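I opened a notebook page for this model and wrote the entries in the order in which I looked things up.

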Amino acid sequence: MLLLLTVVPAAAADPRAGAWTLLSAQSSLTPPDKLSVTELQGPIHVVMSGETHLDFTAKSDGKDTAVPGNPGFNQVELHRISKKESEVTEKKDGVVVATVHVKLSNDGKELTVTTANKGHADQITVWTRSGGAKSVKDPLAGEWTEDLSKTRLRQGLALKIDADGSGAVHFSGEYSYTARFDGKPYDVKNSRNDTVALQLVDAHTVDAVYRRDDQVTQRDRWAVSGDGQQMTLTTTATLETGQHLDEKLVFKKQ
């Protein structure tokens with residue numbers, strides 16, 4: 001590795017340099033995120049488990065309902081738009097922090113959840129019906145599992161990687177960092193991880209190791225095709241909840 005780094009110096013050799021868009025995605029999460037919607041006598045009971053934990057009971061009357069134990073918001077308003085659509089307004093101490101639109105597919109097998117948060121791009125997650133009693137009165141009722149492959153693709157993930165002029169590379173996408181290929185930790189912004197360490201494996205491959213609280217939480221391998229037009233990211237990660245994430249994302253150069 002030392003010989004390789006002397007032959008191919010730092011940032012100028014980054015095979016990932018350029019702008020990229022997501023072409024395809026394969027993702028698996030163990031255990032997967034789960035969503036349960038149960039019809040009661042009037043209100044509905046909503047439980048989410050996995051990376052996000054949520055548990056509340058509310059009526060579709062637009063009135064505030066307390067959501068204890070959630071750091072992002074502590075109140076919700078539930079509105080029924082139609083038989084297959086609902087909207088949830090999330091509030092923190094009375095102030096709106098996000099609006100969540102839930103839409104059921106015509107065949108009743110897929111939920112598309114769009115979260116709008118001021119100052120951020122809309123976040124889209126897709127859930128597939130995996131069990132639970134179907135209800136004529138409330139077709140959204142049932143048990144749902146997040147479909148990570150459709151979620152990733154519909155978010156239109158984009159990346160940009162450039163030399164910063166000082167011997168390092170700047171990465172920007174869902175998160176960002178500026179780092180050198182020296183195996184040392186560098187700060188990561190807008191990420192569940194604290195630092196990243198980069199190593200240049202060869203002229204087409206980059207390894208990245210992420211840490212949180214000094215513990216390795218994620219390992220990435222970026223492999224660029226010989227013509228430089230396609231890049232494959234293979235990720236293994238452990239989330240804060242203990243869930244294990246495996247992903248394979250393929251990007252094309254813009």
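**Helix α2.** I began with helix α2 (residues 148-155), which lies across β9 (110-116), β10 (123-131) and β11 (142-146). I noted about 160 degrees between the helix and β10. Axes here are lines fitted to C-alpha atoms, for helices over the stretch in contact, and angles run from 0 to 180 degrees between N-to-C directions. Contact means heavy atoms within 4.5 Å. Helices (H or I, at least four residues) and strands (E, at least two) are DSSP runs, numbered from the N terminus.

**Source notes.** The model is predicted: local features need pLDDT of at least 70, side-chain atom pairs count only at pLDDT 80 or more, and totals for chains, interfaces and linings use all residues. Residues are numbered from 1 along each chain as its sequence is written, and side-chain values use heavy atoms, with hydrogens and water left out.

**Open sheet.** I traced an open sheet of 10 strands in the order β4-β3-β2-β11-β10-β9-β8-β7-β6-β5, with antiparallel pairing. Two strands pair if DSSP finds at least two bridges between them. At the edges are β4 (54-58) and β5 (64-66), each pairing on one side only. Direction ignored, neighbouring strands of this sheet are turned by 25 degrees against each other on average.

I then looked at how β4 is held by its partner. Strand β3 (residues 44-49) pairs with β4 in the antiparallel sense over five bridges. V46 stands opposite F56, and I44 has A58 as its bridge partner. The hairpin of β3 and β4 has four residues between the strands, and G50 there takes a positive phi near 125 degrees.

**Barrel.** I found another set of 10 strands that closes into a barrel, in the order β1-β12-β13-β14-β15-β16-β17-β18-β19-β20, again with antiparallel pairing. The twist averages 25 degrees from one strand to the next. β1 and strand β12 (residues 158-163) pair in the antiparallel sense over four bridges, and in β12 the bridge partner of W20 is L159. Helix α2 packs on this sheet too, touching β1 and β20 (244-253), and its direction makes about 160 degrees with that of β1.

**Cores.** The largest nonpolar core has 27 residues, of which Y177, V196, L198, W222 and F251 touch the most other members. Such a core is a set of buried Ala, Val, Leu, Ile, Met, Phe, Trp, Tyr and Cys residues joined through side-chain atoms within 4.5 Å. Apart from it lies another core, of 21 residues, among them L35, L54, F73 and V88. I listed the contacts of F251 beyond four places in sequence; they include W20, L22, L157, L159, W222 and M231.

**Aromatic rings.** I counted six aromatic pairs in the structure. Rings of Phe, Tyr and Trp (its six-membered ring) pair if their centres lie within 6.5 Å; planes under 30 degrees apart count as stacked, over 60 as edge-to-face and the rest as tilted. F171 and W222 form an edge-to-face pair, 5.6 Å centre to centre with 65 degrees between the planes. The two are 51 residues apart, F171 in strand β13 (residues 169-172) and W222 in strand β18. F171 is buried at a relative accessible area of 1%, and W222 is buried at 1% as well. One aromatic cluster is formed by F171, Y175, Y177, Y210, W222 and F251.

R16 lies over the face of W222, at 5.4 Å from the ring centre. The criterion is NZ of Lys or CZ of Arg within 6 Å of the ring centre and within 35 degrees of the ring normal.

**T217.** I checked one more residue of β18 (residues 215-224), T217. T217 counts as buried because its relative accessibility is 9%. Beyond four places in sequence, its contacts include N193, Y210 and T236.

**Backbone.** A cis peptide bond joins T30 and P31, with omega about -10 degrees; P31 is in the loop between β1 (18-30) and β2 (34-39). D93 is not a glycine but has a positive phi of about 55 degrees. D93 is in the loop between β7 (85-92) and β8 (95-104) and is exposed at 61% relative accessibility.

Notes: Buried means under 20% relative accessible area, exposed over 50%, partly exposed in between (1.4 Å probe, protein chains only).
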